[in-house]
Structure formats: structure tokens, C-alpha cells
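Dear colleague,

I am passing on the structure below, followed by a short account of what was computed from it. Please read the two together.

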Amino acid sequence: MKIKQAVKKKLNDKILYTNLKNFASNYKLSRQNALSGLDFLKLRNDIYKSKDFSKEEILALFEEFKQHVEKSGCTVLHAEDGLAANRLITQICKKHNAEYVVKSKSMTSEEIKLNHYLEKQGLKPIETDLGEWILQIAGEHPSHMVMPAIHKTRQQVAKIFEKHTGEKIDPDDIDKMVKIARKYLREYYFKATVGITGANIAVASTGTIGIVTNEGNARLSSTVPPVHIVLVGYEKLVKNFSDAMKIIRLLPKSATGQNISTYVTWIKGSNPSFKSDTGNKHTYYIFLDNGRLSFFEHPFLKDALKCIRCGSCANVCPAYEMVGGHVFGDIYIGAIGLILTSMLHDEKKAKEILTLCIGCKACSFNCPAGIDLQSIISDLNVYMGKKYFINPVKKFVYSAVMKNPSVFKTAMKAAAFIQKPMLTETKENLKNLPYIPKEHNFRKLPSIKTKTFSELFKEKKLDEFKSSKKVFFYPGCAVEYFFPEIGVSMVELLQKTGYQVDIPKTQVCCGLPAIHAGDGQSGKKTILKNIKYMGNPDEYEAFLVLCPSCGMAIKEDFKKYTLDYIAEFKKSEKIGKKVMSFANFLKIQNIGFQCDGNIKYTYHTPCHQGRGLGFMPEEFLKEIFGQNFIPLKDSDVCCGFGGSFSVDYPGISSGILDKKIENILNTKADCLLTDCPGCIMQIDGGLKQKGINVKVKHLSQILNDLKMIKN
Amino acid sequence: MTNTEALLEKFIEKAETEQTSCIKIDKEAFKNILREQNFDFVNLNTPFKSFNKGCEFDEAGIKNAIVGADFAIAETGTSVIDSTDEKIRLATTLAENLFIALHSSNIVAKLENIVSYMNEKNSADNAYLAFITGPSRTADIERVLTIGVHGPVSLTCYIIQDL
Ligand code: SF4
Ligand code: SF4
């Protein structure tokens with residue numbers, strides 16, 4: 001598999017690792033600062049709504065835009081695809097006898113591989129954005145939408161410049177390097193007949209484009225040469241300036257954590273130009289379709305057209321942070337890159353790189369355009385699974401084993417037996433497995449317990465506690481087979497508060513693993529069974545989970561996969577509204593705890609806890625543990641588990657885990673609390689493998705041992 | 001503090017974090033500056049119009065230029081400059097040191113407050129408007145913030161107190 005080799009190579013790239021890691025942690029802070037005091041959710045919702053167009057609407061905006069700019073003699077053209085756009089641009093350059101063409105950074109021109117085409121036609125395109133220019137003279141491609149050369153060190157840049165200019169360059173003198181670029185590029189603005197820019201926004205109501213830059217190269221490219229070509233995707237159209245300003249407000253904050261970028265340039269029509277024969281600039285607008293227009297009608301890909309190209313879905317993506325943009329995306333990178341690769345480029349390539357998504361949802365929650373990227377990626381995975389093949393072993397597991405509760409149970413029982421000789425002394429974990437590749441042994445896996453949670457539930461007579469106050473508990477596979485004691489603690493605690501806890505008659509997987517692996521069919525069947533075995537939602541105050549991923553599946557996927565089944569849809573809708581994490585339930589019930597010990601705790605927020613179930617228990621824990629609670633840096637960043645992801649990409653998984661462990665050690669806490677059995681598997685396993693003595697517990701285990709206070 | 005003063009302070013705070021020097025000044029003192037400093041390029045409105053002067057532009061660039069801003073935006077520390085006149089575009093992009101003159105009465109709170117101005121200016125057949133917040137910058141090499149990559153290496157705002 002090509003992708004696995006590419007991943008391996010990037011994982012060994014120490015420069016890339018350090019640059020991306022440093023960037024990601026600084027980025028999160030500056031973004032937070034830039035957004036402080038703003039209602040981010042409202043703003044992004046505004047942007048989402050303002051960009052929600054049908055194909056007819058976008059074409060109407062295009063006509064409106066066109067009318068306005070044609071008044072001053074500009075030309076507005078439609079390009080069906082990349083080749084058509086390249087041809088049009090070449091024709092314009094030739095018509096004006098251009099030799100040199102200055103280009104300001106434009107992802108759209110990367111999309112159509114414009115430079116390559118122009119060079120073949122004997123033209124000399126010069127990238128003027130510093131990062132792009134470095135890559136151009138190095139013969140490489142961008143690895144980030146906003147910081148194209150983030151994968152390069154100053155030493156590497158110094159070498160590239162030395163080779164290009166023949167000057168000796170001190171690798172620590174970045175100032176000098178920037179001056180050299182300034183000197184070299186300045187002359188090209190004057191040599192060039194044509195300047196090409198992209199546009200971040202096209203305002204239909206007036207026919208004005210907006211370009212956002214820090215360097216000012218777009219201003220020079222659109223001012224000095226007598227010809228200006230604007231290459232813009234149809235999706236950049238907005239109705240009016242009010243909508244445009246919303247984008248201007250969030251774009252730089254999301255992109256780099258800047259309050260605003262240095263230059264926002266608004267250009268309408270043909271402006272004066274002393275170098276032009278007519279005294280006015282020859283201005284051309286090329287609107288690129290390349291599939292976009294039809295996607296305005298697509299049920300789940302449509303939203304991707306709302307992207308404002310801030311690049312921040314890459315900045316927060318833990319998987320991207322491990323491998324960088326040369327693997328994670330094709331031309332466009334990060335979460336949106338995975339999606340746009342399917343839409344605008346190679347579907348087969350997209351199928352491969354889509355598997356790099358661990359499903360943490362950080363991108364969705366961060367996107368200033370309100371795009372639920374993770375959900376689109378998940379839908380694309382299912383689409384790819386249907387169209388191409390799914391790994392036959394996985395397919396068998398999801399379709400024949402996991403969706404059949406009795407078969408699954410038998411299989412797990414058998415596994416519990418087979419694993420016996422491989423158990424560590426405590427029987428809690430497995431020893432390092434000798435016959436699997438070393439890279440998989442970055443954590444100690446938990447053992448399958450001989451008694452399932454459902455069996456313990458009966459055995460301990462937890463099913464005999466009756467009360468009028470009732471909750472329904474969905475244990476999920478991890479609690480059922482690997483961590484039954486976590487479930488028992490929770491039930492005991494709830495019974496102390498007077499709640500009767502019911503569990504499913506038969507334990508079925510929530511369906512998320514199958515869906516994530518692209519097996520939508522098995523996912524759907526699994527979900528339908530689940531709904532059957534779950535109690536009547538009207539009888540229960542809440543549906544509780546100890547695994548937030550199951551919770552999120554119940555909340556989101558159950559509805560999505562029962563659209564064709566009216567009764568089941570109705571039931572999942574009701575259940576979805578009542579599903580919550582255990583801590584959230586305690587909070588709502590106003591139940592507190594008292595803790596006198598001196599153990600120091602910290603908390604890791606599982607991806608689907610904060611971002612899926614929308615509850616962060618940190619405040620709640622501070623109340624309980626006071627001084628003894630130490631917040632964890634990047635608490636809500638993924639631990640790298642991601643179900644079968646950690647088996648498919650152990651290198652990425654363990655890399656993400658290492659960063660988590662570093663943050664945990666920095667808290668000096670004795671015990672890490674969390675809310676997800678998957679995270680326990682990953683983090684506890686990693687700590688044990690490294691011999692680090694920090695305990696890892698599910699909240700339910702710790703709370704059950706504390707003194708309860710009913711407020 | 002009156003609302004205008006608050007906006008002024010906010011503007012200065014935000015502009016300074018973006019490496020812009022802000023100087024509060026009254027009309028007469030500003031006229032003195034215009035007399036003393038030998039700007040290569042001056043483009044201002046009344047009452048400073050008599051100081052306006054042009055220059056030639058080539059790839060050598062110019063030493064310094066001063067232009068008037070129509071508005072300033074407090075929340076971002078941004079100056080709004082009508083650059084439809086090509087000379088203003090060239091001067092503001094090619095000057096080593098850029099100076100902007102703005103009136104404190106023209107500071108608005110938010111980006112949204114500039115919408116009607118944008119609509120008005122863009123009702124003409126052509127327009128070129130610039131929001132400028134600080135000197136030209138890059139962070140493309142190891143994300144180290146470096147000033148003056150293509151355009152001005154410094155930006156100074158004279159805020160003329162006309163209230
Ligand atoms: S998808 Fe969202 S986060 Fe990603 S680049 Fe586009 S706007 Fe930014
Ligand atoms: S869900 Fe997480 S891993 Fe997947 S693309 Fe988004 S941020 Fe990256």
C-alpha cells in the first residue's frame with residue numbers, strides 16, 4: 001500500500017515533526033486569543049448561512065458580479081475545468097505579449113497546476129509569496145494552505161537561496177533571507193506584463209473581489225503590471241459586503257491566529273494603469289468550475305463549498321500534525337483536503353488518504369465556516385467502501401461478527417480463553433505480543449475479561465434494584481468485554497442516588513467501528529438491532545453511556561442510518577435527545593462529591609465527549625478535587641486511539657499518544673481521569689508500556705469511592 | 001472617557017500590536033511635520049491638500065510616502081485607504097516607510113461599520129480600496145515574524161485630533 005510507505009517516511013522526518021508540533025501548540029493559543037470576546041458559534045453560523053447556495057443561486061450571483069465588472073470593460077470568463085482555465089490564461093498572456101507573469105499565492109492555481117502549464121507554453125511564472133517562491137525554486141509543492149513552506153527549516157531555506165542567488169547566507173539570519181527575497185522579487189513585478197491573483201471573496205452586489213494577504217505581494221501583482229488576471233472558484237461568491245466582512249473577521253483569526261491580516265485589498269473593475277496602452281488595466285476574471293457547480297446540488301458534499309480556505313482544519317488535526325500536508329491531502333490539505341481531493345481530483349487517491357482521519361472531530365468544531373468536516377469524511381468513507389472493496393477481514397468482522405450479538409459474544413469468549421497464556425501477572429493486560437510487528441507494541445493492550453458486564457450485572461443482582469426514577473445504560477463493547485468493572489461502578493453509584501438502571505436485553509455494538517471503516521451496510525444493520533434492544537425512551541430520564549463515542553453514534557448516526565425506517569427513526573430521535581455522559585447526568589442531578597485525599601488528578605477529554613456529547617467535566621472536577629485537580633494542556637486533543645485506526649496506523653497513533661503522555665507528565669498528577677474506555681486502553685496501555693507510574697481511571701471508578709453529597 | 005476617545009484608544013492598542021506606531025497630533029503640529037519631513041510622496045485631503053506632491057515610481061521604490069485614510073477600524077487597528085488613484089497604490093506598496101494620516105473623528109468600531117462606505121465606493125464602475133494593518137510581513141520561514149517582505153518596512157499613523 002503506497003500510503004503506508006508515504007506515512008512511514010513522513011513519520012521519520014524529524015524536522016517536519018518539530019515544526020508541526022510547535023506550530024500546532026502556538027496556533028491554538030493565538031487562535032484562542034484572537035477569538036476571545038467574540039461569539040464564535042454565532043459568527044460561524046452566520047458564515048455558514050451566508051454561503052448556503054443552490055446551483056441556481058450561485059449562477060445568479062455570478063451573473064450579477066459579471067454585469068458590474070463588465071461596465072468598466074473587464075472580461076469575465078467561465079472555465080469548465082483546469083485545462084480550460086490554463087488555456088484561457090495562456091491565451092491572455094500571449095495576447096498581451098507577456099514573458100514574465102507574477103503570481104500571488106492562489107490555491108486555485110495550484111489546483112489546476114497553472115505554473116506547470118504556463119512553463120510548458122514558454123511563459124515564466126514567478127511566485128511572489130515568500131513561502132511559495134521558496135518552494136518554486138526548490139521544485140516542491142506546498143504542504144499547508146496558509147504556510148506553504150512550514151515543512152522547511154531556516155537552514156534548508158538558506159541552502160535553497162544560496163543555490164539560487166550564489167550569495168553566501170547565514171542560516172540564522174532570517175531577516176537577511178527575507179531581504180534577499182524582497183530584492184529578487186521586486187524586479188519581477190516590473191518585468192511582468194501580467195499579474196495573476198486569486199480572490200478570497202467575490203462580492204456579487206458590486207462586482208468586487210477581496211484579497212487577504214500579509215506580505216502585500218497581491219497588491220504589487222495587481223498594481224504594477226498592466227494586465228491583471230483573477231482566477232477564482234465559483235464558491236467564493238457572496239451576496240454583499242456585510243457577508244464579506246464576516247469572512248474577513250474570522251478568516252485571519254482562524255488561519256494564523258492574527259486579529260486581521262495586514263492587507264485586505266478590494267478591487268472592482270478596471271483601474272488606472274500607467275503601464276497600459278489604454279491607461280487602464282486589462283482585467284480578466286476567470287471563474288473556475290472544475291466540478292464545483294454540480295456539487296452545489298450534492299447532498300453531503302455541498303457543504304465543503306462553504307470553505308473559506310483558512311487552513312485551520314489542518315492546524316488542529318492531530319493526524320495531520322504527524323504526517324503533514326504532503327500526505328494528508330493532495331493539493332488542498334488537512335480535513336478539507338481529504339474532501340476536496342475526492343471532489344476536485346483523484347477519487348482513488350482520496351480513498352487512500354481518507355483512512356488517515358482518526359475521526360476526532362477537531363476539524364468540525366474548529367471550522368469558521370461551520371462545516372462538519374468529520375461527518376463528510378465519514379460519509380465519504382462509506383461511499384468509498386461501497387464503491388471499492390473493504391478490507392475483507394474487516395468486512396467479515398463487521399458483517400458476520402459484530403452485528404450478530406451471539407456470534408460476537410462467542411468470539412470474545414473464545415478470545416478470552418485463548419489469550420490466557422499471554423496475560424500479565426495482574427491479568428489486566430496482555431504481554432507484548434511476540435508475533436506482531438514491533439511498531440504495534442507501543443501500548444499494553446487490556447485483556448478480555450472472563451465475565452462480561454452484562455453477566456456481572458446479573459450476578460451482582462444489580463438488575464433487582466427497582467425505583468420509579470429510571471435511566472437506561474448502554475455499556476458498549478469496550479465496557480462489556482474489556483472494562484466491565486467501570487460499568488459496575490457506575491450502576492452502583494447511580495443506585496446510591498436512587499436510580500434504577502436498565503441495560504439492553506442483548507448487547508450489540510453501536511455501529512461506529514463499521515461506519516468508520518466504510519462498511520455502512522453493516523453499520524446500518526447493527527444500529528437497527530440496537531434500537532430494537534434499547535428501552536422505550538419515554539420511560540427513562542436519560543440514556544447514559546460510559547463511552548462517548550457510543551454516545552455520539554447514538555446521538556448522530558442512529559438518526560442518519562434509520563432515515564428509511566420511520567418507527568426506528570422516531571425512536572432514535574427520542575433516544576438521541578436523552579443520551580448523555582455519566583458526569584453530565586450527575587451535574588444535572590446536582591450531585592457532588594467530597595474528596596479529602598492528597599492524590600493529584602488531571603483529566604483527558606475524549607474527542608467525542610467534549611465535541612460529541614458537548615460536556616466538559618473539568619469545572620465539575622475542580623469542585624470535587626479543588627487544588628488537587630490540575631488541568632491538562634491540550635486536554636481535548638485526541639489521544640490517538642481511534643478504534644481500528646491505531647491498528648492501521650500504529651506510527652501515527654503512538655506519535656499522537658506520545659504528545660499526550662508528555663502533557664500528562666507535565667501536570668505531575670498521580671492519576672489521569674477520563675471518560676472513555678478507548679482512551680483508557682490507549683493512554684493506560686502507553687503509560688504501562690513505558691513503565692510510567694500514573695494511574696488511569698474512568699470517572700465512574702473514582703467517583704464511586706468518594707463520599708457523595710446531594711446538593 | 002467618551003465613546004470617541006474609547007475608540008481612539010482601542011485603535012491605538014490594536015494598531016500597536018500589529019507593529020504600527022501611532023502618534024496623536026493636532027492640525028498645526030501635523031502641518032509642521034509635513035513641512036519638516038521631506039516625504040517623497042504626499043496625498044492628503046483638505047486642510048493639508050497644499051502639501052500634496054508626486055514622484056516617479058520604478059523598481060528602486062521610494063523612501064517614504066504619506067497618504068490620508070478615509071476611515072479607521074478600532075477592533076482591528078486598520079486604516080481604510082481609497083487607492084483607486086494609481087499613484088496612491090504605487091506609493092503605498094513601494095515606499096520603504098509608509099505614513100498614514102487619519103482623523104480621530106473617522107475611527108469606527110467594527111468592520112461592519114465600514115459596509116456602507118464600501119457600498120458607496122463600489123457603486124462606481126471601478127475602485128481599489130485597501131485595508132492596511134501594519135507593515136508588510138511574513139512568517140513563512142519557520143514561522144518567525146519578519147517585517148518588510150514586499151512592501152513597507154515600517155508603518156506610522158498620525159492621528160489628527162479634530163474633536
Ligand atoms: S474547511 Fe473550514 S477549517 Fe478547513 S480550511 Fe475550510 S474554512 Fe478553514
Ligand atoms: S476528524 Fe480529526 S483526524 Fe479527522 S480530519 Fe478532522 S481533525 Fe483530522
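Between chain A and chain B about 5100 Å² is buried, with carbon and sulfur atoms giving 54% of that area; buried area here is the accessible area (1.4 Å probe) that two parts lose on being put together, summed over both. This is a predicted model, in which local features need pLDDT of at least 70 and side-chain atom pairs count only at pLDDT 80 or more, while totals for chains, interfaces and linings use all residues. Residues are numbered from 1 along each chain as its sequence is written, chains are lettered from A and ligands numbered from 1 in the order in which they are written, and side-chain values use heavy atoms, with hydrogens and water left out.

Of the area that chain A buries against chain B, 13% comes from Arg182(A), Arg219(A) and Arg249(A), more than from any other three residues. The contact (heavy atoms within 4.5 Å) involves 62 residues from chain A and 54 residues from chain B. Across this interface there are 4 salt bridges, a salt bridge being a side-chain nitrogen of Lys or Arg within 4 Å of a carboxyl oxygen of Asp or Glu. Arg182(A) also forms a salt bridge with Glu96(B), where the closest N and O atoms are 3.0 Å apart.

As for the ligand, 13 residues surround ligand 1 (a heavy atom within 4 Å), and the closest are Cys307(A), Cys310(A), Gly311(A), Cys313(A) and Cys367(A).
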